Amino acid sequence: MNLPKTPFYYYDITLLERTLQTIRDVTQEDSQFCVHYAVKANNNPLILQTVAKKGFGADCVSGGEIKQAVAAGIPADKIVFAGVGKTDDEIDFALQQGIGCFNVESMPELRVINEQALALGKIANIAFRVNPNIDAHTHQKITTGLNENKFGITIPQLIRSIKEAEKLEGVKFCGLHFHIGSQITDVETFKPLCECVNELQTLMEENNIWAPSINVGGGLGIDYKHPKQHPLPDFEAYFKIFRENLFIRPGQTLHFELGRSIVAQCGTLVSKVLYVKEGVEKKFIILDAGFTDMARVAMYDAYHDIENLTPETQTQQYYDVVGPICESSDVFAQHRLLHVTKRGDIFALRSAGAYGEVMSSKYNSRELAKPYSTQDFDLDAILKEQ
Ligand code: LLP
């Protein structure tokens, strides 16, 4: 078999299954834990079906994601719906599907959900997303839980908001929702979140409020530097932080919304070298993949491991690895030590399973990179044949 047209995404479904099973194994004893896969990280149907088969729920941020999650076999009552700007159509669709919970981000949104639920003769389960003003110690563009961020309601607004929700007949208050940020590599960062939840639980109890569910969002980071050595994040350490620091009440459920930590390492962006060009001070490798296929480096200065899969020699050199887009930010790596490269070599951009394919665009009238998986072909075997 020939290599498909590059660039393309290649997903290792065996690794995905192993990752999902590891989460199952380390939370086996925690019957009150419910893990939702954050669909925004990757909505590829095969990935969603694999997640569904393992019995996970979904965290969605649009009507489109809810549709995809349901189509993949994720039960609607295991779907939570977040987002600061839910449209009327999306709210209607979510109500009709009977999703598990709306994570409400403002009072105006709450009133709209209430009205639409009443019009449909339904009662919407709602949780308030609280902005805990906690620093996630991650990239500024993926920090969400600070006062300066647009997400959620503030702590001083919480009790008042719940009391108002309790008066509305189209909504049922179900709990609290948080999400402090993404690519959090030090799990200790989640401790202040646990403490905040504990304080708010006490505050709610003092106000005779019962919240059946607490949702702590996602955010667990992965090892972008050493994807081969660490294909799985330390899920044990992550869940342990919550087990030991967050005091769940009897009968309460604790929800997680993990995206990146589930799918990032199972995806690779495969690309071909178009040209190797000498600059004044640098050598450039020009790939046929650009930031339209993988925006993370241009958008968040992200680091992705890059490998020449077809080197002729073991000698190495420093290169800048760039894409073909007409913008200076279309750079995947600067001053990266790689095997000596020539036109036609095949490159792998690792850890591209999360926020890769989903964030691609058609800028410069480019075609979207197609997705394939280990169920379609064995990439290593094809490369060996060539
Ligand atoms: N829950 C909520 C409410 C979120 O906003 C997010 C991610 C997640 C869960 C999942 O977070 P994760 O477990 O994947 O960290 N495009 C950026 C990341 C944006 C994250 C947005 N929210 C990137 O490529 O780094």
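Q: Where does Gln-252 lie?
A: Gln-252 is in the loop between α8 (235-245) and β10 (253-258). Keep in mind that this is a predicted model.

Q: Is Gln-252 buried or exposed?
A: Gln-252 is buried, because its relative accessible area is 3% and the cut-off for buried is under 20%.

Q: What does the side chain of Gln-252 reach at 2.7 Å?
A: That would be the backbone oxygen of Ala-211. A polar atom of the Gln-252 side chain also lies 2.8 Å from the backbone nitrogen of Arg-249.

Q: And which residues does Gln-252 touch, not counting those up to four places away in sequence?
A: Gln-32, Gln-201, Trp-210, Ala-211, Pro-212, Ile-214 and Phe-247.

Q: OK, domains. What does the assignment give?
A: The domain assignment gives domain 1 (31-258) and domain 2 (265-385). Their centres, taken over C-alpha atoms, are separated by 34 Å.

Q: How many residues are in contact between domain 1 and domain 2?
A: 18 residues of domain 1 contact 20 residues of domain 2. About 1700 Å² is buried between the two domains, with 56% of that on carbon and sulfur atoms.

Q: How many salt bridges and polar pairs across the interface?
A: The rule finds 1 salt bridge between domain 1 and domain 2. It also finds 6 residue pairs in polar contact there, both residues at pLDDT 80 or more. On the side of domain 1 that touches domain 2, the residues divide into 7 nonpolar, 6 polar and 5 charged.

Q: What does Lys-228 form a salt bridge with?
A: Lys-228 pairs with Glu-307, and the closest N and O atoms are 2.9 Å apart.

Q: Switching to Thr-292. Where is its place, and is it buried or exposed?
A: Thr-292 sits in the loop between β12 (283-287) and α10 (296-300). It counts as buried, because its relative accessibility is 1%.

Q: Which side chain joins Thr-292 in a polar contact?
A: The side chain of Arg-366, at 2.8 Å. Leaving aside neighbours within four places in sequence, Thr-292 is in contact with Ile-325, Ser-360, Ser-361, Tyr-363 and Arg-366.

Q: Now backbone geometry. Which residues does a cis peptide bond join?
A: Thr-6 and Pro-7, with omega about -5 degrees. Pro-7 is in the segment before β1 (8-11). For background, most peptide bonds are trans.

Q: What is the phi of Asn-133?
A: Asn-133 has a positive phi of about 55 degrees although it is not a glycine. Asn-133 is in the loop between β6 (124-131) and β7 (153-154), and is partly exposed at 40% relative accessible area.

Q: And the phi of Asp-301?
A: Asp-301 has a positive phi of about 55 degrees and is not a glycine. Asp-301 is in the loop between α10 and β13 (306-308). At 63% relative accessibility, Asp-301 counts as exposed.

Q: Last one: where is Asp-88, and what is it in contact with?
A: Asp-88 is in helix α4 (residues 88-97). Leaving aside neighbours within four places in sequence, Asp-88 contacts Val-112 and Gln-116. Its relative accessible area is 48%, so Asp-88 is partly exposed.

Q: How many Å separate the C-alpha atoms of Asp-88 and Glu-385?
A: 53 Å, and the two residues are 297 residues apart along the chain.

Note on methods:
Residues numbered from 1 in each chain as written. Predicted model: local features only at pLDDT ≥ 70, side-chain atom pairs only at ≥ 80, totals over all residues. Heavy atoms only, no water. Domains from an automatic or database assignment. Contact = heavy atoms within 4.5 Å. Buried area = accessible area lost by both parts, 1.4 Å probe. Salt bridge = Lys/Arg side-chain N within 4 Å of Asp/Glu carboxyl O. Polar contact = N/O pair within 3.5 Å; in protein donor to acceptor, adjacent residues only side chain to side chain. Nonpolar A, V, L, I, M, F, W, Y, C, P; charged D, E, K, R; others polar. Helix = DSSP H or I, 4+ residues; strand = E, 2+ residues; numbered from the N terminus. Buried < 20%, exposed > 50% of the residue type's maximum accessible area, 1.4 Å probe, protein only.
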